[in-house]
Amino acid sequence: MKIMSFRASLAAAVMLAAAWLAFPVSAQQQTAPAAAPSSAAAGPATVPSTPAPAAVAPAAATPGTPPTASAPADAVPGEPGGRSVKSTAPTMKELSPWVMFMSADIIVKAVMIGLAFASLTTWAVLIAKSIELSVASAKLRSALKKVSEARSLAEAQMALGAKQGVLPSFLASALREARMSAGISSDAGIKERAASSFSEIVRAEGRRIRIGMGVLATIGSTSPFVGLFGTVWGIMNSFIGISKSQTTNLAVVAPGIAEALLATAIGLVAAIPAVIIYNHFSRVTKGYLELVSRASGAAARLLSRDLDRSHGSVHSRAAE
């Protein structure tokens with residue numbers, strides 16, 4: 001009995017050991033088929049991907065087939081060979097001041113025309129005032145030279161003749177005051193009234209000779225700001241065009257900005273000469289007004305001599 005039970009237990013132990021050793025083999029046999037279908041499933045998915053270029057290549061290499069993949073995006077219908085048309089290239093090549101002016105906005109055009117007119121006015125004032133100041137200075141110097149040796153107001157008037165000018169006005173004012181003050185013994189009052197008349201003539205001549213200077217000052221001070229207004233307006237229109245075209249390509253942006261900057265350039269062309277010419281005429285006018293003051297002093301000296309001479313003759317007659 002003991003031997004049979006021992007055999008039974010030994011047989012049970014051998015069966016358990018065989019079962020334990022056989023379990024990994026059965027697990028591998030069960031998992032291998034599960035992995036095989038996955039690789040088989042992956043195989044068909046990857047295999048068709050390799051012949052894809054072969055399928056495309058014959059289509060691309062097929063003779064007589066036109067390349068229509070990118071032609072509609074770049075080519076123009078009806079053009080042979082699918083030639084693309086660059087619409088911005090001619091515009092960039094044809095940029096010039098006249099083309100930019102013609103393609104500018106109506107407000108920018110008005111600004112440019114106004115600044116061009118201001119520039120023409122500046123040069124017209126330069127020519128006119130140069131001639132006027134040259135002629136007036138030459139006449140006044142000649143008149144001062146003629147009356148430099150005169151001994152009385154009447155003699156100075158005879159030397160100048162019937163000419164019109166600043167110095168004849170001083171002489172006429174002095175003679176008129178002397179005639180209206182006849183019988184008055186106070187020479188100081190006569191000289192004071194004559195000096196007042198002379199100062200009025202000097203102020204009137206200063207106003208006359210400065211005609212046109214205000215125009216130069218206005219052009220020189222406002223032209224840059226007017227040109228800047230045209231620039232701002234043009235750049236604003238350029239940004240509006242950019243937002244509409246949905247692109248920031250330089251060929252699209254450059255023409256509008258160039259038109260805007262042209263207004264600033266014209267403003268500077270009008271302003272810089274105006275400022276320079278204004279400063280030049282300020283110096284020339286100051287020199288001319290100094291000549292006018294010399295003429296006033298010459299007339300005042302002649303009046304003083306006449307008054308002293310008349311009082312001297314009165315005293316000599318009284319002594320006789």
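Trainee: Why does Arg-294 count as exposed?

Mentor: This is a predicted model, so the value is computed from it. The relative accessibility of Arg-294 is 52%. Exposed means over 50%. Therefore Arg-294 counts as exposed.

Trainee: Where does Arg-294 lie, and which residues does Arg-294 touch?

Mentor: Arg-294 lies in helix 11. Leaving out residues up to four places away in sequence, Arg-294 touches Leu-144 and Arg-301. A contact needs heavy atoms within 4.5 Å.

Trainee: How far apart are Arg-294 and Leu-140 in sequence and in space?

Mentor: In sequence, 154 residues separate them. In space, the distance from C-alpha to C-alpha is 9.7 Å.

Trainee: What makes Phe-170 and Phe-198 an edge-to-face pair?

Mentor: Start with the general idea. A pair of aromatic rings is described by the distance of the centres and the angle of the planes. Here the ring centres are 5.3 Å apart. Rings pair if their centres lie within 6.5 Å. The planes stand at 80°, and over 60 counts as edge-to-face. So the pair of Phe-170 and Phe-198 is edge-to-face.

Trainee: Which parts of the chain does that pair link?

Mentor: Distant ones. Phe-170 sits in helix 8 and Phe-198 in helix 9, 28 residues apart.

Trainee: Are Phe-170 and Phe-198 buried or exposed?

Mentor: Phe-170 is buried, and Phe-198 is buried too. That label is kept for residues under 20% relative accessible area.

Trainee: How many aromatic pairs does the structure hold?

Mentor: It holds 2 aromatic pairs.

Trainee: What separates Phe-229 and Trp-233 along helix 10?

Mentor: About one helical turn, because they are 4 residues apart in helix 10. That helix covers residues 213-245.

Trainee: What volume does the largest pocket have, and which residues lie nearest its centre?

Mentor: Its volume is about 340 Å³. The lining has 18 residues. Nearest the centre are Lys-139, Leu-140, Gln-164, Gly-165 and Val-166.

Trainee: Which helix gives the most to that lining of the largest pocket?

Mentor: Helix 6, with 6 residues. The lining divides into 9 nonpolar, 4 polar and 5 charged residues.

Trainee: What about the second largest pocket?

Mentor: Its volume is about 180 Å³. Of its 13 lining residues, Ala-178, Ile-190, Asp-306, Leu-307 and Ser-310 are closest to the centre. Helix 11 supplies the largest share of this lining, 4 residues. By kind, the lining of the second largest pocket has 7 nonpolar, 4 polar and 2 charged residues.

Trainee: How many helices and strands does the protein chain have?

Mentor: The protein chain has 11 helices and 0 strands.

Trainee: What share of the 320 residues in the protein chain is buried?

Mentor: Buried residues make up 26%.

Methods. Residues are numbered from 1 along each chain as its sequence is written. This is a predicted model: local features need pLDDT of at least 70, side-chain atom pairs count only at pLDDT 80 or more; totals for chains, interfaces and linings use all residues. Side-chain values use heavy atoms; hydrogens and water are left out. On a 1 Å grid over the protein atoms alone, a cavity is a set of points where a 1.4 Å probe fits but cannot get out, and a pocket is an open set with protein on both sides within 12 Å along at least five of seven lines; lining residues have an atom within 4 Å of a point. Grid points are joined across faces, edges and corners, and a volume is the space filled by probe spheres set on the points. Helices (H or I, at least four residues) and strands (E, at least two) are DSSP runs, numbered from the N terminus. Ala, Val, Leu, Ile, Met, Phe, Trp, Tyr, Cys and Pro count as nonpolar, Asp, Glu, Lys and Arg as charged, and the others, Gly among them, as polar. Rings of Phe, Tyr and Trp (its six-membered ring) pair if their centres lie within 6.5 Å; planes under 30 degrees apart count as stacked, over 60 as edge-to-face and the rest as tilted. Buried means under 20% relative accessible area, exposed over 50%, partly exposed in between (1.4 Å probe, protein chains only).
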